[in-house]
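Subject: Structure handover

Hello,

My notes on what was found follow below it.

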Amino acid sequence: MIDAFISGFLFPGVLYALVWTVGLFWFFRKFMAPLHKRVGPYYNGPHGSYQTLFDLSKLWTKESITPTGVNPYLFSTMPLIAVIVAMLPNVVIPWTNNGPLLNTPYGLLILVVLVGIEPFLLFLIGFGSDNKYSFLGAIRVLTQAISFETAFFLSALAPALLFSTLNLSKIVESVSFVSFLILLPSLILYFISLLGLLEQPPFNIPDAEQEVVYGFMTEYSGTGYFMLQLAKFVEFMAVFAGAGTLFMGAYRGIFFDSYLWFFIKMVSIAVIMITIRAATPRITMEQMLHFSWRYLVPLSLLNLAWVMFAKAMIFTGV
Amino acid sequence: MQQPNKLRPFFENLNFERDDNTMVINFGPQHPSAHGQLRLVLELQGEQVVKAYPDIGYLHRGIEKMAENMIYNEFLPTTDRLDYIASTSNNYAFALAVERLIGVEAPRRAQVIRTMLLELNRIISHLFFLATHALDVGAMSIFLYAFREREFAMDLMEDYCGARLTHSAVRIGGVPLDLPDGWLENLARFLDKLPSQIKLYEDLLTENRIWKMRLENVGIVTPEQALSWGCSGIMLRGSGIKYDIRKEEPYELYSELDFDIPVSDRCDSYGRYRLYMEEMKESIKILRQLIDMYYTTDSQLMAHAPRYISAPKEEIMTQNYALMQHFVLVTQGMRPPKGTVYAPTESPKGELGFLIRSEGEPYAYRLKCRAPSFFHTGILQDILPGTYIADVVTIIGSTNIVFGEVDR
């Protein structure tokens, strides 16, 4: 009972997700600032670390405006569902050496399905907003999700093929330095499709502020907006954790095994992501489609062939 | 389009709810990248633009009408509010037109200072263009880098005239103030630093594949289109037509200065972006020459024309006739001779000119401002159809329109 409470509300549960959101949001701002020659959050708390807490609590308590002409139930419940769906992958990810909360042979399948379902919720959010910009944003979410999920699934499949299991804790246990090298192309492909899936530059097409205002989030304010931001950052966590688990051996480290190593791996992915964000402009919709279907998906298929080859020729130990 | 009702204005006749798979959206006036108050009604098929109707008038303040009720010196600060990115170029265009009307030429030191301010404003405006254009295309960092350099340029303007945005730093017949001590050294220091910053922007953008993907072959303005829509400035030179008023009809000191007019025949947004970068480098070259020129001038700042321009302060305080003239000029305003004058200048955006019709009264009978952005807004309806929404933003950014100037 008490274990269920702790895991549901504290460690991989709600509180963990909230703390992660606040921390990552602050880290995004603070890390981005020197790249932009700015200071970033400064006044509240050490290095401005309370700033995001205040921002999120402000959003949380603000009035939410529901526009007329929308279905109010759809409009106000979808963000909540989006948050819940974004949090669910936490149960299958092996955060510490105690293994995941739900030790199932189909962990990888659950992870990719839950990550893959999120864009459809965002599509519904935009579709239900009864706003033309939201609608355009929603269509863009869907197009982008379809284009990048293929590559995402294929690159996430590589470790499963290599280790012949879908069980995430087994994958973590079998990761070695040789397997990391074999899976390096998959990691790069996973990272690129992660950028597309999480709508990060240069693929931040669905919520491109200069084009479609705020995409599917245009009509949301107050609590609804807070929920959507929370869902976004929790999904960051799920996808980063997926990269850490599948390719980098999750909690396994050099001298000791601990959650700390996992955290370092996730943050290093975030650092690369933010650096790309600071350096690149945005590409357009048809360039994204072109890139995804002409380069990314064929490369992912080739990569699978490479993994099969490597498994047969080099990695026969497992 | 439904049948227009002739009794109502055109834009009220647009049907926003359609049944034929097209979507009509209002791109602005509150859109994040509408560059002020542009309302662009776009008819979309999917994400492709079928028709575009630029709608202006959301920033209309009646500045041309105001000019008919103000004496000439009173109107000068109002011109700041036209192209508020580079206000000195508006002040100067107006002052030049009035000077041509009354047949006065500014003394040499005033000319040097004015040309300096004009070129400094060109740098400010081009940096602003680069910042907003990059932000429109999604490059957030360039936005902040370019604004940082623009701040230093604006600090120089502030040191000279006290204002950062609405300068009013030019008067009819000269400039009000001499350069403060140390200003030229600050300017030289700024000019030494700027090329390295421009290189930083170019390193980040010019060969950046995504930047090229977004700008190349986007917003193509053919030379015929550019001429028939009355484009000027970089919109014209970006289409391969070498026309710069600083060279064609030189004003101030431009005939004595050594500078080039960069031209690109790419006709697209990328070519125009390259031109903006090249023009900044030319402005640096011009400013360096002007620093040397300043030291060879004597100290007179305002032209000597007692009928139109007040005498210097010392004379007003000591000589009776100068005081009387000053009193009349301030209370009633100058009375230029009858006539019509049009003086074109090359503002950072293009050809900016004021047409003034004078009936010999202290007030202009009619004042018309020929603002380049107005013509560049019109061309949007010709080049937008067939593009995608993402390119619409690039094209608006690349035309570099400012709504203070369009709506007047």
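Between chain B and chain A, 9 residue pairs are in polar contact, both residues at pLDDT 80 or more. A polar contact is a pair of N or O atoms within 3.5 Å; within protein, one must be able to donate a hydrogen and the other to accept it, and residues adjacent in sequence count only if both atoms are side-chain atoms. pLDDT is the predictor's confidence in each residue, from 0 to 100.

The side of chain B that touches chain A draws at least two residues from each of strand E1 (22-27), H4, helix H5 (140-161), helix H6 (183-205), helix H7 (209-215) and helix H16 (389-399) of chain B. Helices (H or I, at least four residues) and strands (E, at least two) are DSSP runs, numbered from the N terminus. By type, the residues on this side of chain B are 21 nonpolar, 9 polar and 6 charged. Here Ala, Val, Leu, Ile, Met, Phe, Trp, Tyr, Cys and Pro are nonpolar, Asp, Glu, Lys and Arg are charged, and the others, Gly among them, are polar.

This is a predicted model: local features need pLDDT of at least 70, side-chain atom pairs count only at pLDDT 80 or more, and totals for chains, interfaces and linings use all residues. Residues are numbered from 1 along each chain as its sequence is written, chains are lettered from A and ligands numbered from 1 in the order in which they are written, and side-chain values use heavy atoms, with hydrogens and water left out.

More on the interface. Chain B puts 36 residues into the contact and chain A 25 residues, with contact meaning heavy atoms within 4.5 Å. About 2500 Å² is buried between chain B and chain A, and carbon and sulfur atoms give 59% of that. Buried area is the accessible area (1.4 Å probe) that two parts lose on being put together, summed over both. B:Met23, B:Glu47 and B:Ile210 supply 20% of what chain B buries against chain A, more than any other three residues.

The interface of chain B and chain A has 1 salt bridge (a side-chain nitrogen of Lys or Arg within 4 Å of a carboxyl oxygen of Asp or Glu). A:Arg140 pairs with B:Glu47 in a salt bridge, closest N and O atoms 2.6 Å apart.

Over all chains, the salt bridge count is 33. B:Glu119 and B:Arg246 form a salt bridge at 3.4 Å, N to O. B:Glu119 is in helix H4 (residues 108-137) of chain B and B:Arg246 in helix H10 (residues 245-248) of chain B, so the pair ties together parts 127 residues apart in sequence. Both B:Glu119 and B:Arg246 are buried (buried is under 20% relative accessible area, exposed over 50%, partly exposed in between; 1.4 Å probe, protein chains only).

B:Lys281 and B:Glu278 also form a salt bridge, with closest N and O atoms 3.5 Å apart. They sit 3 residues apart in helix H11 (residues 269-294) of chain B, so about one helical turn separates them. Shared partners link B:Glu119, B:Arg122, B:Arg237, B:Asp244, B:Arg246, B:Glu279 and B:Glu346 into one salt-bridge network.

B:Asp244 lies in the loop between helix H9 (234-237) and H10 of chain B. B:Asp244 is buried, at 1% relative accessibility. Its side chain makes a polar contact with the side chain of B:Arg237 at 3.3 Å.

On confidence: chain A has a mean pLDDT of 85, with 98% of its residues at 70 or more.

Regards
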